[in-house]
Amino acid sequence: MAAPTGLIAGNWKMNLFHAEALQLGTDLAERMDLWGRPPVDYLICPPLTLCGQMAAFLAPTPFKVGAQDVSPLKNGPHTGDVSAEHLADLGMAACIVGHSERRRDHKEDDALVRAKAEALHRVNLTSIICIGETEAERDAGKTIEVVTRQLQVSVPETSHSANTVVAYEPVWAIGTGRTATVEQIEEVHNHIRQMLYDRMDFDGYAIRILYGGSVTAANARDILFAKNVNGALVGGASLKAETFWPIIEAAGAVAARNLREAQQA
Ligand code: PGA
């Protein structure tokens, strides 16, 4: 079965203001004009304050824009919350849910993450569902157990390959400069793939599984070439074109390999 199209997603977190964001968008578009467009899918997830403007600005480019969080509730008396309907109205294509920083800062649990993903699916937006173990859980030998539970509960029945992306982000690797080894990544990604297949049959093969956690220009190739890795969710390195573009190029090299393999099959 052909590998799913790669996805490179930038998670800006709570960073950048209007002028910097427009400059970054311009720099990325320029690189694409100069060096071509690797055949993968592209997403950036800016802070909500920039989402509408970036969606309009990047509309002529292959970059789609997503949000970083959403309320599970429908529009109504929920001061300060933003619904999936609002995100659709803003021109968003996707939204990250269950990022470990939200699980930590806002005590989000798997059931809430599932409700958020369902809300997104209700309006045909893609949910990027984040899972991953803490350092203590890895040290205790509980990585697979934790990831299994998170995947089972966080991924709703409404999920399929066209509206769901799973991002494996070991918490200890996020923003720390420590990256999981290719062996560690493959072990977890293979397990996630098997679980998705068990649950969704062949469509489980088509769901993109991204790796996230200190992905940089230096390690992107090794990570992206790993088995069952279909792209990356990139934090710090997505804030500058110089550091983000080489990750896109590495994804392009993987796409070329996949094409060769498909032609030989
Ligand atoms: P990082 O963040 O690349 O800065 O480690 C990744 C993420 O949190 O999505």
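Me: What counts as a positive or a negative charge here?
Reply: Lys and Arg count as positive and Asp and Glu as negative, while His and the chain ends are not counted. The place of a charge is taken as NZ of Lys, CZ of Arg, CG of Asp or CD of Glu. On that basis, the mean positions of the 24 positive and 32 negative charges lie 1 Å apart. The model is predicted: local features need pLDDT of at least 70, side-chain atom pairs count only at pLDDT 80 or more, and totals for chains, interfaces and linings use all residues. Residues are numbered from 1 along each chain as its sequence is written, and side-chain values use heavy atoms, with hydrogens and water left out.

Me: Why does the radius of gyration agree with a compact globule?
Reply: The radius is taken over C-alpha atoms, and the globule rule is 2.2 Å times the number of residues to the power 0.38. For 265 residues a compact globule would have a value near 18 Å; the chain has 17 Å, and therefore agrees.

Me: How many of the residues count as buried?
Reply: Buried means under 20% relative accessible area, exposed over 50%, and partly exposed in between (1.4 Å probe, protein chains only). Of the 265 residues, 50% count as buried.

Me: What makes a nonpolar core, and which residues touch the most other members of the largest one?
Reply: A nonpolar core is a set of buried Ala, Val, Leu, Ile, Met, Phe, Trp, Tyr and Cys residues joined through side-chain atoms within 4.5 Å. In the largest, of 66 residues, they are Ile 8, Phe 63, Ile 192, Tyr 211 and Leu 224. Apart from this core lies another, of 12 residues, including Cys 130 and Leu 210.
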